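Welcome to my notebook. I opened a new structure today and jotted down what I looked up, one topic at a time.

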Amino acid sequence: MLANKTFYLFIYGCQMNEHDAERIVGLLETYGAMRVDSVEAAEIVVFVTCCVREAADIRLMGQAASIKNIPLPADSTLNKRIVAVGGCIGQRDGLELLEKLDNVDVVFGTHTIDQLPGLLIKAASDHSRSVSLLEESAGFASDLPSHRKHTWAAWLPITTGCDNFCTYCIVPYVRGREKSRTLEDVLDEASLLVSEGVKEITLLGQNVNSYGRDLYGSPQFAKVLKGVCDTGVDRVRFATSHPKDLTDEVIALFGTEANLMPYLHLPAQSGSNRILREMNRRYTREAYLDLVRKVRQANPDISLSTDIIVGFPGETEEDFQQTYNLVKEVGYSQVFTFIYSKREGTPAAEMPDDTPREVIQDRFDRLVALVQENAYQQNQRFVGRWLDVLVEGPSKRDPRVFTGHSPHNVTVHAKVPSGVALEDIVGTMVQVRIDEAKTWYLTGEVVGE
Ligand code: SAH
Ligand code: SF4
Ligand code: F3S
């Protein structure tokens with residue numbers, strides 16, 4: 001029933017959703033459905049949604065409603081386009097979504113991806129509208145087929161869910177409790193990926209550092225990370241690492257494993273101890289800075305990035321100054337800055353929140369200016385160096401220029417060498433001599449040119 005049906009995917013949110021989307025594509029393709037790259041060409045539309053901030057919620061409503069006016073492909077045998085909403089909003093709102101959006105046929109959650117083909121088949125055959133949600137997944141659904149976006153890079157989820165309950169965050173409510181995959185399972189998949197030619201593996205989890213606590217009684221992230229490095233894959237990365245659980249053992253690997261990339265995303269969220277307490281982050285500013293010191297000791301060339309929330313309920317100018325100073329002191333290569341967004345059902349949504357919007361916006365703007373300055377300064381250290389770049393494809397502006405990422409996760413642009421076809425180097429590692437460093441990218445020449 002899904003054979004030769006065309007489908008389009010909207011993907012929002014974090015890498016977990018990116019990975020879930022790859023599994024959805026893999027699953028639908030095993031039923032014979034075909035992915036297309038526009039809504040116009042699609043008989044089925046699937047939304048993989050995010051609700052971590054309000055903006056993401058609003059986007060779904062607009063986009064789901066707007067596709068109503070797009071006619072079905074002329075050769076479709078359906079009499080209506082089938083629309084499915086999954087991911088974190090699906091999990092949070094369930095049945096309510098069918099009430100809010102009258103063109104939605106199927107709602108599925110973060111634990112019921114495997115049921116999607118059945119639900120779509122049902123919707124196509126009897127026009128029924130259905131919701132499939134589970135409070136919690138029984139285990140770690142690792143056996144669904146996956147269709148990787150790139151053949152050379154792979155996400156490898158090691159945990160799902162989150163037990164941390166930061167007071168602002170909805171993720172634990174929509175992704176459920178933290179569950180780890182067995183060490184064996186992760187290492188088997190890593191070896192399989194390497195044998196398929198994957199060059200870069202990114203271990204995924206909301207807090208990878210607590211990997212294994214549910215299975216083995218204590219966190220085993222260092223072990224799984226070392227095991228994946230030992231497969232010999234060119235590049236290993238991971239996200240996200242909660243500062244409260246980052247161990248010395250894991251930090252040491254940055255000094256010893258050549259294929260563990262010199263880049264660490266370590267979300268600070270705030271630099272004020274009072275706000276960190278209110279956020280339930282369970283570390284102090286001092287403990288965070290101590291981690292940064294240790295990480296840089298293990299590998300002085302490491303690049304750091306972080307997430308910062310501006311305007312958490314009750315944040316004063318002094319609290320903000322502490323955040324600003326922390327960002328300045330650490331010297332991040334990249335900071336993901338967010339204005340606090342109230343999420344119903346979280347503890348922070350109940351906290352008094354009377355800081356005027358303009359004040360928060362002003363803090364945000366000051367922080368962003370600092371972040372850009374830092375990023376520019378951090379990038380200067382690469383000028384004159386030769387960096388390995390994993391080639392991803394043509395740059396947006398110029399087809400003769402390719403784009404890729406350096407070990408430090410900085411975007412690099414360089415001319416495709418003369419006499420070389422870009423297709424032939426996509427997914428391979430080339431050496432680039434860096435000539436110029438801008439705020440968000442580096443440019444250079446392929447070595448030997
Ligand atoms: N598990 C990861 C990231 C989860 S969400 C971690 O703990 O780091 C990604 C980022 O979104 C968070 O780090 C946080 O900075 C931001 N975020 C989460 N909830 C938010 C909210 N209610 N308002 C604004 N930003 C939020
Ligand atoms: Fe959200 Fe905190 Fe869990 Fe990250 S660690 S997903 S911010 S609750
Ligand atoms: Fe968003 Fe869900 Fe990820 S809420 S950030 S897609 S876990």
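I began with Ile-44, which stands opposite Ile-82 in S4. Five bridges join strand S3 to S4 (residues 82-86), and the two run parallel. For the record, two strands pair if DSSP finds at least two bridges between them. Helices (H or I, at least four residues) and strands (E, at least two) are DSSP runs, numbered from the N terminus. From S3 the chain crosses through helix H2 (residues 54-66) to S4, and this β-α-β crossover is right-handed. Right-handed means that, with the strands pointing away from the viewer, the path from the first strand over the helix to the second runs clockwise.

I then turned to the other partner. S1 (residues 6-11) pairs with S3 in the parallel sense over five bridges, and there Ile-44 is the bridge partner of Phe-7.

**A note on the model.** This is a predicted model: local features need pLDDT of at least 70, side-chain atom pairs count only at pLDDT 80 or more, and totals for chains, interfaces and linings use all residues. Residues are numbered from 1 along each chain as its sequence is written, chains are lettered from A and ligands numbered from 1 in the order in which they are written, and side-chain values use heavy atoms, with hydrogens and water left out.

How many residues of S3 are buried? I found six of its six, across residues 44-49. Buried means under 20% relative accessible area, exposed over 50%, and partly exposed in between (1.4 Å probe, protein chains only). One side carries Ile-44, Val-46 and Val-48, the other Val-45, Phe-47 and Thr-49, and both faces are covered.

Rings of Phe, Tyr and Trp (its six-membered ring) pair if their centres lie within 6.5 Å; planes under 30 degrees apart count as stacked, over 60 as edge-to-face and the rest as tilted. By this rule I have ten aromatic pairs. Phe-238 and Phe-254 have ring centres 5.9 Å apart and planes at 45°, so I noted this pair as tilted. It links distant parts of the chain, with Phe-238 in strand S11 (residues 235-239) and Phe-254 in helix H10 (residues 248-256), 16 residues apart. Phe-238 is buried at 8% relative accessible area, and Phe-254 is buried at 3%.

Next came Phe-312 and Tyr-340: their centres are 5.7 Å apart and their planes at 70°, so the pair is edge-to-face. Both residues are buried. I also wrote down one aromatic cluster, formed by Tyr-8, Phe-10, Tyr-12 and Phe-47.

I listed residues with a heavy atom within 4 Å of the molecule. Around ligand 2 these include Cys-162, Cys-166, Cys-169, His-242 and Arg-281. Which classes make up this shell? It has seven nonpolar, three polar and one charged residues. Ala, Val, Leu, Ile, Met, Phe, Trp, Tyr, Cys and Pro count as nonpolar, Asp, Glu, Lys and Arg as charged, and the others, Gly among them, as polar. Cys-162 is buried at 9% relative accessible area, and Cys-169 is buried at 15%.

Around ligand 3 I found, among them, Cys-14, Cys-50, Cys-51, Cys-88 and Arg-175. That shell has six nonpolar, three polar and one charged residues.

The search finds zero.

How values were computed: A disulfide is a pair of cysteine sulfur atoms within 2.5 Å.
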